[in-house]
Amino acid sequence: MSMIIAESLTKQFSRESRPAVDAVSFTVEPGELIVLLGPSGCGKTTLLKMINRLYEPTGGTLLIDGVDARSLPVTQLRRRIGYAIQQTGLFPHLRVEQNIAVVPQLLGWARPRIEARTNELLDLVGLPCDFRGRYPHQLSGGQQQRVGLARALAADPAIMLMDEPFGALDAITRSRLQDELLGIQRKLHKTILFVTHDIEEALRLADRIIVMNDGRIAQFDTPLAILTCPSNRFVEQLTGANDVLRRLSLLTVAAALGHGRRSAAAAGAVADLPPLRPQDDLRFALTQLLGAGESSLPVIDDGREVGQLTLADLRAILPQTIAAVGASQDGCNVAGAAPQT
Amino acid sequence: MFELFRTSYAYYLANQDRFWMELGRHVVLSGSALAISLIVCIPLGIWAARHPASAQYVINAVGALRLIPSLAILFLALPYLGTGFGPALIALTILALPPVLINVYAGILGVERAVVEAAQAMGMTARQQLLQIELPLALPAIIAGVRTATVEVVSSATLAAFIGGGGLGIFVTRGFALFEPRIMLVGAIPVAVLALICELILGLLERWASPHRQGRAS
Ligand SMILES: Nc1ncnc2c1ncn2[C@@H]1O[C@H](COP(=O)(O)OP(=O)(O)OP(=O)(O)O)[C@@H](O)[C@H]1O
Ligand SMILES: [Mg+2]
């Protein structure tokens, strides 16, 4: 069963001329990580807050796990949906462990169970155990975000809503937390709605991306399809679909292997060249190729050479993606694209 | 000067029963005024913080009460309310209301929006939000308001004697009438000490209520 089904979901704030979210429909499957991407003011936060009813929709319907969200008592609905935001919203007068324990306590868990869960979560988000007694202001921004994430995960909700949770962090901390979120996602298979206006973050995290503009969905598709087949100029500009490197970063070595015509010279591989792995992305592969000053590099899988990646391979795979940009939808079947869920 | 204190002390020794009775009355009078102001201001302040648009008028009106000198409030009570404990209590309560109300209001409004929203998003009921999040976070501000009010009320309660409300002010008025500074001091010094003690205790309480602020730079 689909996890979240929105149909013509609308939010019209009083005294606003246009709806902030305008008749939006989409379906999210269990275990998907969906990124909401769009410029400031396009309605991402509003859409997110309608899911846990911090904002009541003024139109349309919302099914969560098959149940109309309006039919549940609102507090009960919210205790089953994790929520993490950029400002963290950590309770400043509560210690780390008390912050994490809020929802389990609301649900009436027994003390030992909460205790065990807190330890588990601190470990999961990579915080040392002796942080549990600290107050939020005694933590760095990145550590606060980790606590916010642990708090959102505390009662093991099936759905997580995250509103620019890493927006205020430096690039290194952000990418570390992105990695950890992906790790957690692989382990726990949450259904996640993640808001950002950072395209790189979206491409990195998303199974599928909802691109929003002016309260509407401009496109809802996989990262690769969004880059290679933007549905209109807005999506194209927002995502920088013309950016060759960005596109290469979404394709793997495995997908490009053997695309170009094999030249004889490519066969003689030299042992000290940096090898590539099939799962490396092509942006990395190009950097390696240029760095080595060679026209081809060996691709090694499990210690066995499975082929040679050549510049010709890269050149061969690019036209497919470039041709697709701005072209009709049928041009949009690209090798290496993740299967659509 | 030392002679003055000595004779004051002698007067106290000679009138111990009366002194302790008036001290008790002073404390009861001040304490009641503060208690009533808390009972009124906590719900009113919470309501005001929930409806800042319409509450503005209430807050401003109560704030304006502060501009009236305490002596004037006490003497204004005289023609309308008569004399005795009751009128003195009402006058002192009026004195205590503004600082308490304004601090409850500001304390609740001062809770960060993201924090309240997080509490909501966690699935807390309105009551849980108030009791577990908003009031604890507003507590230091509320105690600061009570502290201001307490010092004001304890010292102003001295004036209650003028309208027959009793308290340590009795010795001040009596000393004044008899041109005897030593008697005035028997009232004045304990009032100052009492105010100081209250200030200290509430200061400690305020620190205790904000563990999360200790060591914060700002
Ligand atoms: N509580 C509210 N009352 C009235 N209007 C609102 C409210 N919240 C949002 N809006 C309006 O709705 C529109 C969408 O806002 P929203 O916060 O959803 O944007 P966003 O996509 O999250 O932007 P950002 O990236 O800046 O966070 C904006 O025009 C905003 O002014
Ligand atoms: Mg937003």
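1. Helices here are DSSP runs of H or I with at least four residues, numbered from the N terminus. By that rule, B:Thr173 sits in helix H8 of chain B, residues 169-177. The model is a predicted one, and the points below should be read that way.

2. Start with B:Thr173 itself. Is B:Thr173 buried or exposed? Buried means under 20% relative accessible area. B:Thr173 has 19% relative accessibility, so B:Thr173 counts as buried. A polar atom of its side chain lies 2.8 Å from the backbone oxygen of B:Ile170. Neighbours within four places in sequence aside, B:Thr173 is in contact with B:Ala161 and B:Phe162.

3. Now widen the view to H8(B). Its buried residues are B:Gly169, B:Ile170, B:Phe171, B:Thr173 and B:Gly175. The cover over these buried residues includes helix H1 (2-14), H2 and helix H9 (181-209) of chain B. After H8(B) comes B:Phe179, which has a positive phi, near 50 degrees.

4. Helix H1 of chain B holds B:Tyr12. At 17% relative accessibility, B:Tyr12 counts as buried. Which residues does B:Tyr12 touch, leaving aside neighbours within four places in sequence? They are B:Phe19, B:Trp20 and B:Val186. With B:Trp20 there is also a polar contact, side chain to side chain, at 3.4 Å. B:Pro98 is another matter: B:Tyr12 and B:Pro98 are 86 residues apart in sequence and 35 Å apart in space, C-alpha to C-alpha.

5. Which residues of H3(B) are buried? They are B:Ala55, B:Ile59, B:Val62 and B:Gly63. Seen down the axis of H3(B), these buried residues fall within an arc of 100 degrees, so they line one face of the helix. An α-helix has 3.6 residues a turn, so residues three or four places apart point the same way. On the other side of H3(B), B:Ala53 and B:Tyr57 are exposed. The buried residues of H3(B) pack against two partners in chain B, helix H2 (16-50) and helix H5 (85-109).

6. Step back to chain B as a whole. How many helices and strands does chain B have? The count is nine helices and zero strands. Along the sequence the pattern reads α-α-α-α-α-α-α-α-α. The C-alpha trace of chain B spans about 65 × 45 × 25 Å along its principal axes. Of its 218 residues, 45% count as buried.

7. Two further values describe chain B. Take the contacts with a separation of 6 or more: 77% of them are between residues 24 or more positions apart. The accessible surface of chain B is about 10,900 Å², and carbon and sulfur atoms account for 70% of that surface.

8. Turn to chain A and ligand 1. There are 14 residues around ligand 1, and A:Ser40, A:Gly41, A:Lys44, A:Thr45 and A:Thr46 come nearest. Polar backbone atoms take part. One, in A:Gly41, is 2.8 Å from an oxygen atom of ligand 1. Another, in A:Cys42, is 3.3 Å from an oxygen atom of ligand 1. A side chain takes part too: an N or O atom of A:Thr45 is 2.6 Å from an oxygen atom of ligand 1. On its own, ligand 1 has 630 Å² of accessible area, and the protein covers 64% of that.

9. A:Arg132 deserves a look. This residue lies in the loop between helix H5 (111-124) and helix H6 (141-153) of chain A. Is A:Arg132 buried or exposed? With a relative accessible area of 15%, A:Arg132 is buried. Its side chain and that of A:Glu97 are joined by a polar contact of 2.9 Å. Beyond its neighbours within four places in sequence, A:Arg132 is in contact with several residues, among them A:Arg95, A:Glu115 and A:Leu122.

10. A:Leu257 is in another loop of chain A, between helix H12 (253-256) and helix H13 (282-292). A:Leu257 is partly exposed, with a relative accessible area of 24%. Its contacts outside four places in sequence include A:Val299, A:Gln308 and A:Asp313. A:Leu257 and A:Leu47 are 210 residues apart in sequence and 41 Å apart in space, C-alpha to C-alpha.

Methods. Residues numbered from 1 in each chain as written. Chains lettered and ligands numbered in written order. Predicted model: local features only at pLDDT ≥ 70, side-chain atom pairs only at ≥ 80, totals over all residues. Heavy atoms only, no water. Buried < 20%, exposed > 50% of the residue type's maximum accessible area, 1.4 Å probe, protein only. Helix = DSSP H or I, 4+ residues; strand = E, 2+ residues; numbered from the N terminus. Arc of directions from axis to C-beta. Contact = heavy atoms within 4.5 Å. Near = heavy atom within 4 Å. Polar contact = N/O pair within 3.5 Å; in protein donor to acceptor, adjacent residues only side chain to side chain. Areas by Shrake-Rupley, 256 points an atom, 1.4 Å probe, with all protein chains shown as cover.
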